[in-house]
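Visitor: I would like to learn how to read helix packing and backbone details in a protein model. Could you take me through some cases, step by step?

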Amino acid sequence: MQTVSLNSVGMTLDACIKCNICTSYCPVSEVTDSFPGPKYAAPQSERFREIGLPLSEAAADPNSGAPGAGHSPDASVDYCSGCRVCNEVCPTGVRIAEINARARARMVATQGLSLRNRLLGRNELMGRAGSFAPGLANFILHNPLSRRLAAVLFGVAAKAPLPRWHHETLNRWLARTRAQRLRSERKVVYFHGCATQYYEPFVGIAAILVLEHLGYEVVVPPQNCCGLPMLSNGEFGAAEGYHRRNVASLADYVRAGYPILGTSTSCTLTLKEEAPELLDLEDDAGSQSLKFATWDIFEWLRDGLDQGQLPSDLRPLNRTEQPFILPYHAPCQLRAHRIGKPALDVLARIPGLDLRESHARCCGIAGTYGYKTEKYQIAMDVGAELFDYVAAQAEESDSVAAGSVSFTACDSETCRWQLEHGTGLPSLHPIELLAASYGLYDLQARRPADGN
Amino acid sequence: MKRMQTEILVIGGGATGAGVAWDAALRGFRTVLVEKRDLTHGTTGRYHGLLHSGARYVLKDVDSAVECNSENRILRRTHTHCIEDTGGFFVVTPEDEDDYPDRFAAACRRLNIPCTEIPTVSALRREPLLNPRISRVFELADAAADSFLATHATAQAARQAGALLLPYHEVTGLHLSGGDGNRAVSGATVLDAVSGENLRIEADLVINAAGAWSGKVAALAGIDVRMILGKGVMLATNRRLTNTVINRCKMPSDGDILVPIHTVSVIGTTDEQVADPENLPIEQWEVDLMLTEGDKLVPGLSSCRILRAWAGVRPLYQEPPTPEEPAHSRNASRSTQLHEQESPQESRDATRALALLDHQQRDGVSGFLTITGGKWTTFRLMAESAVDAACAQLSVSRPCRTAETTVPGVEQGHYWLGHRLNEIEEEELQTELICECELVTRSMLEGAAQRNPTVTLDDLRRDVRLGMGPCQGGFCTYRAVGILHEMRAADNPPVAGEWEVAHMQSPAHHHNDGSVAEDADNSPASSPSHTLVPNAPQRSAAIDPQAELSEPNLLLRDFLQERWKGVTPILWGQQLRQERLDELIYLSILNADHLPVDDRESPLSSFYRSNS
């Protein structure tokens, strides 16, 4: 059940002036007829959805005989990828993507949730399960037969870029290297997110190395999934449980004034805004304190840069004289932070780095969206704008003098996997580049420069 | 002059008039209805949409309470699809007097009006935006009613029973015959507002159901009917704030009703006595009062986007007490109590019970009845009383059948908010939308324009809700004008047969239906014929062949002006921003204020020019 107040995101539909700017920018409705567009789905359709449904048993019970009982009036809203490009371009501040997310949650509340979407929402569980035997898990998940089975049985697209378990979780690396970790009076908290914990611990390692290089002790308290995959799949009740547990486990650090830094722009966005907003927790003190304590790591680093606190021992990433050309995509979830593009601001300090910003609207994957069989092609079509951009940079740079493109960079994990899937190039988190530039990290091997 | 002969002539195409025509036709009378504008143009089309349970009047106006209670049950059967079964809450806010709720509940019990007190927590769970400081909540059978659709459905039922309905026909004179003592009304002369031609209608009996205009109509027969015209101002919010009708549990007063109707919530009303039903200015204090009072029901309502303000006028009537009481008709068939009271000075205090004036008994003029007073909720009962009296005057005995007869479309069940969106989704009609705010498809618009007299775009608004959403015509006006122009230029032959109004608000039905009426067989073969049957829809095909160029311009200008009229009283905040965009579209891009219209006027022109 959703609570409703005049502060709920749904109420922002009052600001819509029907201008259609959102529809003209929407990357999804541009490539598919399944999604009629953000204006139609959010401010327009929301007027035809009853406030707070399903609040009465009659409305939720398909057998009640009440007209419209048991079903939401519209299903096409489920084709919103939640990329939030609409929010970004809306001149009047309608929370379009959030209205859609709540509409989807109402659908789930009345119609139930598919097993596939329940599983996609539980990536923490999946991550943990696989991490006990990563090799076996990778074999089970990544062989063509099981991918085909997963497609047929669950509707998980066979070609979609599922991540691989890393042989060592971030927590195990932390335990193994405990003696080498910096102790300091200056402390920050690191929120790693599920992907870093199980699939890409090297992103977390790079972040920890950079923060320690700055002289901070990095505290990694127990934490769980931020809840976004569940929010995106309309499973609000479970998401609220996850969010409240994070609020509780981080509360002491928040009170102590430690910044909560994250490398996953989607996790940090959830802590900052998505969870409190979608779950109507704007009046929840713990949730609000966490919201204001949470930073995207580059947002925080840029602050340090502005105050002259960032060490300036940045070295070129290439040993040769060639510029290091790096196509960079600011993911939708980062843009939703409305903090500019802090990774670009900081990476611009790396000598010899030729940053190329994509300006593509979305890579298409949008969290769990592109993993669904019925949405895989939509996600790839949306991402084409970005893939083409990367290809153009690579082509342009063929001449020996201009250097080569061997990586892309992006702040969000699923976007990086989609980028790799769409371009064939490895995609890095910007923090890996910064760590490498400080000489702390090996970009090719994606591990600490000292081999640990 | 064209002539026509009928048994019963009904004046007024609101809920009551349509109801009278339906009732009379069902009883086998040859019936003609004339309305000076479009159906529901008057009070019917400007009310908040509340189907009363009767509870509102249990302590103030017992007759009306009883009437509403029984009619509420009947209309749920006869007009099911025009009603959304929202239920109603009567809530006690901190400002409301202490003993009223108990007296209220007792009166409901006494009058057999089902009333259940429910815990405030469950009320707040159902309606999360409701004032959390309410202390008591009573649940009643109030509901929301679509008065446009209901009147159209009643009108179609009347047509199916053989009645002829003539919108845009204004009565200019009543025919009086006989001298002192045996004067009689024998018909009327009406002006076809579209063609400019006069039509003479002979009738055995004329029923004046002109609502707030009843006094003016009666005056044409030299009869003095002093209506108490109670202007009510209402505001619509941009979206629903509750899904239940909310009433304050107190003596009926200003701004104490919040009705969820279609996509909006309507807060109403004021009650100010006015002299002229055409002149209904909306005062700033009235808007302010609605917002202040609205905040007491839904705190923060005043900061929500307000789409529009409008005013309707109640056709209240209270027989002045006179010494020669026996010479006058009774106020209403079962009204007795209020007769002993002083004639009310304020319209708020005037009874809402129906008033049937038999002018033979009252004024010595036979062949003429006036049916007025009442509520929208009691329109069927008003019609029944009027036609009962007509039977008595015509010395026939034919029982009323409307309470047991359903109008076309009831098989759809009660209306629900998501109905249009659901059909758009299931039929994948998203690209067909003309009015995006209210989800009006091209085929809905064309269906309505082809089969219902469409003189102005405002007529289409009443048919399919064109332009009633947030942008108030900003994006649909130019589209609709283009479609109408195209239809007229194509010189399509008028569609044969009845306009199937049962699904006039259904996107899917129109789409499947194509543009061909397959309901010609709806008219019973036995339908009584009239001397002259003008083809009403035909007039919409070509209003004036001389004005091909100015016609679409006129449609555009007048609809924009009409929409603008309702926006000006609430022009702030979000709606101001919307109007600024609409202004840029129409004035800056389309130069709409300089469109050549050849000084032509539509019936809508005078409406938006009047200070109402």
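Predicted model: local features only at pLDDT ≥ 70, side-chain atom pairs only at ≥ 80, totals over all residues.

Visitor: Which quantities describe two packed helices?

Guide: Two packed helices are described by the angle between their axes and by the distance between those axes. In chain B, helix H1 (residues 15-26) and helix H5 (residues 147-160) pack at an angle of about 25°, and their axes are 8 Å apart. Angles under 35 degrees count as roughly parallel, and therefore H1(B) and H5(B) are described as roughly parallel to each other. Their crossing is left-handed.

Visitor: Which residues make the contact of H1(B) and H5(B), and how do they divide into nonpolar, polar and charged?

Guide: On the side of H1(B) the contact is made by B:Ala15, B:Ala18, B:Gly19, B:Ala21, B:Trp22 and B:Ala25, while H5(B) brings B:Ser147, B:Ala150, B:Thr151, B:Thr154, B:Ala155, B:Ala157 and B:Ala158. Sorted by class, these residues are nine nonpolar, four polar and no charged.

Visitor: At what angle do helices H21 and H22 of chain A pack?

Guide: Helix H21 (residues 373-396) and helix H22 (residues 413-423) of chain A pack at about 70°, with axes 9 Å apart. Because the range from 65 to 115 degrees counts as roughly perpendicular, H21(A) and H22(A) are given that description. Their contact involves A:Met380, A:Gly383, A:Leu386, A:Phe387, A:Val390 and A:Ala391 of H21(A), together with A:Gln418, A:Leu419, A:Gly422 and A:Thr423 of H22(A). This contact has six nonpolar, four polar and no charged residues.

Visitor: Now for the backbone: which residues other than glycine have a positive phi, such as A:Arg446 and B:Leu439, and where are these two found?

Guide: A:Arg446 has a phi near 50°, and it is found in the loop between strand E9 (441-442) and strand E10 (447-448) of chain A. B:Leu439, also not a glycine, has a positive phi of about 55°, and its place is in the loop between strand E22 (433-435) and strand E23 (440-441) of chain B.

Visitor: Is B:Leu439 buried or exposed, and what does A:Arg446 count as?

Guide: B:Leu439 has 28 C-beta neighbours inside 10 Å and therefore counts as buried, the cut-off being 20 or more. A:Arg446 has 19 such neighbours inside 10 Å, so it counts as partly exposed.

Visitor: Which residues does a cis peptide bond join?

Guide: A cis peptide bond joins B:Gly268 and B:Thr269, with omega about -10°. B:Thr269 lies in the loop between strand E16 (264-268) and strand E17 (272-274) of chain B.

How values were computed: Residues numbered from 1 in each chain as written. Chains lettered and ligands numbered in written order. Axes fitted to C-alpha atoms, helices over the stretch in contact; angles between N-to-C directions. Helix = DSSP H or I, 4+ residues; strand = E, 2+ residues; numbered from the N terminus. Parallel < 35°, antiparallel > 145°, perpendicular 65-115°, else oblique. Left-handed = near helix turned anticlockwise from the far one by under 90°. Contact = placed C-beta atoms within 7 Å. Nonpolar A, V, L, I, M, F, W, Y, C, P; charged D, E, K, R; others polar. Buried ≥ 20, exposed ≤ 12 C-beta atoms within 10 Å, placed from the backbone.
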